[in-house]
Amino acid sequence: MLKITALTILVLASIVGHTNACSSCPMSWMSLGHTCVKLFHESKLTFDEAENACNTYKVNDCDGTALSTGHLVSIQSQDEQDVLVELVQTTLSAEVGSGWDPQVYIGMSVGSTNSQQTWTDGSDVGFTSWYPGEPNNGPNSRGAIAAGSFSKGNWADVYSNNRFAYICELPCLEYEVSQ
């Protein structure tokens, strides 16, 4: 019998340039490039509550050791942005209005200056989709997809104590067995 260990698991999220969709997302999660994502909208949470909720989702090895935890989604390309905006607008269609709403937390944190932007998962900020003039709420604001017809899915910076739906992300896993 072949034992698969954590060393034989290939985390696709860490492979630069891999373009295949994930084929092993948990039930009710969807593939988004190198990750699995899920929109949570049943209860609205603050930014920290949403990140903590995402952290409860884990990828474990067979012994139950956590290999990775979930985070609020980090958006790495226009293609990912477009898919997530469509997901939000379709799922929350009753909330789409002429302004900014619905707004949905993503993993973007803005630091003490607007140029200090980080993702909660620690990945590089190589793509942004801020609405013109955003971020503008000052120190320590957070990013949200603003899916209303005014903002057209671009990001708005919001205060971290606002309560919104949120999108969690898990890494995609594939197994590679050496013989």
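Trainee: Are Phe40 and Tyr166 buried or exposed?

Mentor: Both are buried. Keep in mind that this is a predicted model.

Trainee: How are the rings of Phe40 and Tyr166 arranged?

Mentor: The pair counts as stacked because the ring centres are 5.3 Å apart and the planes are at 10°. Phe40 is in strand β3 and Tyr166 in strand β11, 126 residues apart, and the pair links these distant parts of the chain.

Trainee: Which aromatic cluster has Phe40 and Tyr166 in it?

Mentor: One formed by Trp29, Phe40, Tyr57 and Tyr166.

Trainee: And what about Trp119 and Trp155?

Mentor: Trp119 and Trp155 form an edge-to-face pair, with 5.6 Å between centres and 80° between planes. Trp119 is in strand β8 and Trp155 in strand β10, so the pair ties together parts 36 residues apart in sequence. Both Trp119 and Trp155 are buried.

Trainee: Switching to helix α1. Which residues there are buried?

Mentor: Phe47, Ala50, Glu51, Ala53 and Cys54. They sit on the same side of α1, because they cover an arc of only 160° around the axis.

Trainee: What covers the buried residues of α1?

Mentor: The cover includes β3, β6, β7, β9 and β11.

Trainee: What lies over the face of Phe47?

Mentor: Arg142, at 5.0 Å from the ring centre.

Trainee: Last one: where does Gly143 lie, and why does Gly143 count as buried?

Mentor: Gly143 is in strand β9, residues 142-146. Gly143 counts as buried because its relative accessibility is 0%. Beyond its neighbours within four places in sequence, Gly143 has contacts that include Val104, Trp130 and Ala156.

How values were computed
Residues numbered from 1 in each chain as written. Predicted model: local features only at pLDDT ≥ 70, side-chain atom pairs only at ≥ 80, totals over all residues. Heavy atoms only, no water. Helix = DSSP H or I, 4+ residues; strand = E, 2+ residues; numbered from the N terminus. Buried < 20%, exposed > 50% of the residue type's maximum accessible area, 1.4 Å probe, protein only. Contact = heavy atoms within 4.5 Å. Arc of directions from axis to C-beta. Phe/Tyr/Trp six-rings, centres within 6.5 Å; stacked < 30°, edge-to-face > 60°. Lys NZ or Arg CZ within 6 Å of the ring centre and 35° of its normal.
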